[in-house]
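Reader: I am new to this one and would like to go through it slowly. Could you show me the sequence and the structure before I start asking?

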Amino acid sequence: MNDPLVPTPSGKPARLTGPALIGRFAVIGAVVAVTVVAFCYVGGWLAPQRLTPARLINQLQANAGVFPGYRRNHAKGVCVTGYFLSSGQAQTYSDAQVFAPGRTPVVGRFAVPAGDPYASDSSVPFRSMALRFALANGQQWRTGMNSMPVFPVTTPQAFYDLLKAQQPDPATGKPDGAKVGAFFASHPEAAAFLGWVKTAKPSASFATEGYLSLNAFVFVDANGVRHPVRWRMQPESTDAAGDAATPSGTDYLDADLTRRLAQGPLRWHLLVTLANPGDPTNDATKAWPSDRRDIDAGTLVLESTQPQESGPCRDINYDPLVLPAGIEASDDPLLPARSAAYATSYLRRTSEEAHLPGTAAALPKPETKL
Amino acid sequence: MNYSSSAQFTLAARVLHWLMAAMILTMLFIGVGMVASVSERHDWLIRIHKPLGIAILILAVVRLAVRLRHPPPPLPVDLPPLQKVAALASHWLLYALMFAMPLIGWAMLSAGGYPVMLSESLRLPPIFPVSPVAFAVLRHAHAWLAVLLFLTFLAHMSAALYHGLIRRDGVLSSMTGIRLR
């Protein structure tokens, strides 16, 4: 800058000295201190008890271990690609472009809901399906669904407390049954989930499972009218559903999927359930009564599968709040927590892929058991 | 009345300064707040963060044009050289960050493969190819530069108060339009 310098003004104020000077410096210091404290408070650094996305992910890591480059939950999975063929029937309730008749390309992922990417396929009795619909208008719809009828808890804090209760005891390497029992004793909302999980069996195939949004969302129609909904993917393949025999081995799901896709595409129907007035939209532990109206919004057609280490689903964060115009979040408190926690998981695993300093170093991959 | 205490920034520069000061400070608080929250705050703060960031980017362009057209009033001639250098450097750092932060945020979402939505239906085109490595680098850069921006803001605010309360040399009033003694 070549600004001309200005001569010292003659009417310069008298120099401050002593207490007056100290007082004014103190005012400046106080303004800075208040700003810094407010900033640190908002950022959660002064509230170690506050539940943050980082603490949620840290707890998942404490329970399952750290597997660099992998998702912090639902770590074991496989990519799938295909398309969604809309029936046009949901258009009345949502003006999202994905529901206009026609095709929308989909990149999806099936997973075993565990934190360990090398866990056995039968380690948990449910599966998950995540989808990213790429709409022609450039908007996206991402959803992560699970093959269970209800979620065990209502709030992010309760989910965190559940994870804490399930943290393996270092002495035994297994969760402390007393802690888990105490958690469920103080969380009666988990009863529906516990009732279901008692008889649930790990399915032999991803293809025969139905996958539920669990959380409620809101469809917004062309007139701006809001319709609370939940959705689920209902499989057309039902051959092995309810099959009592769980296959032997630890990695049978991918092989089953590859075998089925070699014979032709796999299909699910996207069923959208419309809430009745008064149905809870903020409580994923409560199923809506079974007489609620379902709309068959269209067919999900999956045509091919790829390993998650190299497939197109690898770098997608299936954040359930990436929604197109016409679909909105409900007041379910789990939704923003999922969005926030997935973002943290995504940053950690992409940082590991980038080998950024301070990130977990890659572990030698255990022998493939396929 | 003397020259240094009557020389002022133009009205356009003053309006832009105070408007953007409020927006940028709000933005910094929204940013640290949203990434530390799992509540519904997380979602609505992000919905404000993106359009507000783009608004700051647009205003930064306008502001740079105003600044180039109307150079700021000169610093007092008796300001020690080190303070003069600090003043100039911090101002250019603030300008650089006003451009860099929104652009990095935009590029970061593009690299992560996210649609860059400013509202329910208003979408910006991607400005960076999809790449997880680039996403991670840009996302960390966004956070660290936010800390740098906050620290630069603190230095700027402290210096302004030092000029206004202690030196009383007309530097603060050239931006406030108010005489403080």
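Reader: Leaving aside its neighbours within four places in sequence, what is A:Ala64 in contact with?

Author: Leaving out the neighbours within four places in sequence, A:Ala64 is in contact with A:Gly115 and A:Asp116, where contact means heavy atoms within 4.5 Å. This is a predicted model, in which local features need pLDDT of at least 70 and side-chain atom pairs count only at pLDDT 80 or more, while totals for chains, interfaces and linings use all residues. Residues are numbered from 1 along each chain as its sequence is written, chains are lettered from A and ligands numbered from 1 in the order in which they are written, and side-chain values use heavy atoms, with hydrogens and water left out.

Reader: And where does A:Ala64 lie?

Author: A:Ala64 lies in helix α2 (residues 53–64) of chain A; helices (H or I, at least four residues) and strands (E, at least two) are DSSP runs, numbered from the N terminus. With 26% relative accessibility, A:Ala64 counts as partly exposed, a class that sits between buried, under 20% relative accessible area, and exposed, over 50%, using a 1.4 Å probe and protein chains only.

Reader: Stepping back, how many helices and strands does chain A come to?

Author: Chain A comes to seven helices and ten strands, and its C-alpha trace spans about 95 × 60 × 45 Å along the principal axes. Chain A has 370 residues, of which 52% count as buried. Among the contacts in chain A with a separation of 6 or more, 75% are between residues 24 or more positions apart.

Reader: Which residues have the most contacts inside the largest nonpolar core?

Author: The largest nonpolar core has 44 residues, and those with the most contacts inside it are A:Phe99, A:Phe110, A:Met129, A:Trp141, A:Trp231, A:Met233 and A:Trp268. Strand β8 (residues 266–274) of chain A gives the most to this core, namely five residues. Such a core is a set of buried Ala, Val, Leu, Ile, Met, Phe, Trp, Tyr and Cys residues joined through side-chain atoms within 4.5 Å. Another core, of 32 residues, lies apart from that one, and B:Ile24, B:Ala60, B:Leu94 and B:Met157 are among its members.

Reader: What is A:Trp141 in contact with, beyond four places in sequence?

Author: Its partners at that separation include A:Val98, A:Phe99, A:Leu131, A:Trp231, A:Leu270 and A:Ile327.

Reader: New topic: how many disulfides does a search of the whole structure find?

Author: The search finds one disulfide over all chains, taking a disulfide as a pair of cysteine sulfur atoms within 2.5 Å. A:Cys79 and A:Cys313 form it, with their sulfur atoms 2.0 Å apart, and the link is left-handed, with -80 degrees about the S-S bond. The pair links distant parts of the chain, 234 residues apart: A:Cys79 is in strand β1 (residues 76–86) of chain A, and A:Cys313 is in the loop between β9 (294–307) and β10 (327–329) of chain A.

Reader: Is A:Cys79 buried or exposed?

Author: A:Cys79 counts as buried because its relative accessibility is 0%, and A:Cys313 is also buried, with a relative accessible area of 0%.

Reader: How many salt bridges are there over all chains?

Author: The count comes to 16 salt bridges over all chains, each being a side-chain nitrogen of Lys or Arg within 4 Å of a carboxyl oxygen of Asp or Glu. In one of them, the side chains of A:Asp256 and A:Arg260 meet at 3.0 Å, N to O, and both residues are buried. A:Asp256 and A:Arg260 are separated by about one helical turn because they are four residues apart in helix α6 (residues 253–263) of chain A.

Reader: And what forms a salt bridge with B:Asp169?

Author: B:Arg167 does, and the closest N and O atoms are 2.7 Å apart. B:Asp169 counts as buried at 9% relative accessibility.

Reader: Last one: what is the mean pLDDT of chain B?

Author: The mean is 93, and 95% of the residues of chain B reach 70 or more; pLDDT is the predictor's confidence in each residue, from 0 to 100. Over residues 1–5 of chain B, however, pLDDT stays under 50. Where pLDDT is low, the predicted coordinates should not be read in detail.
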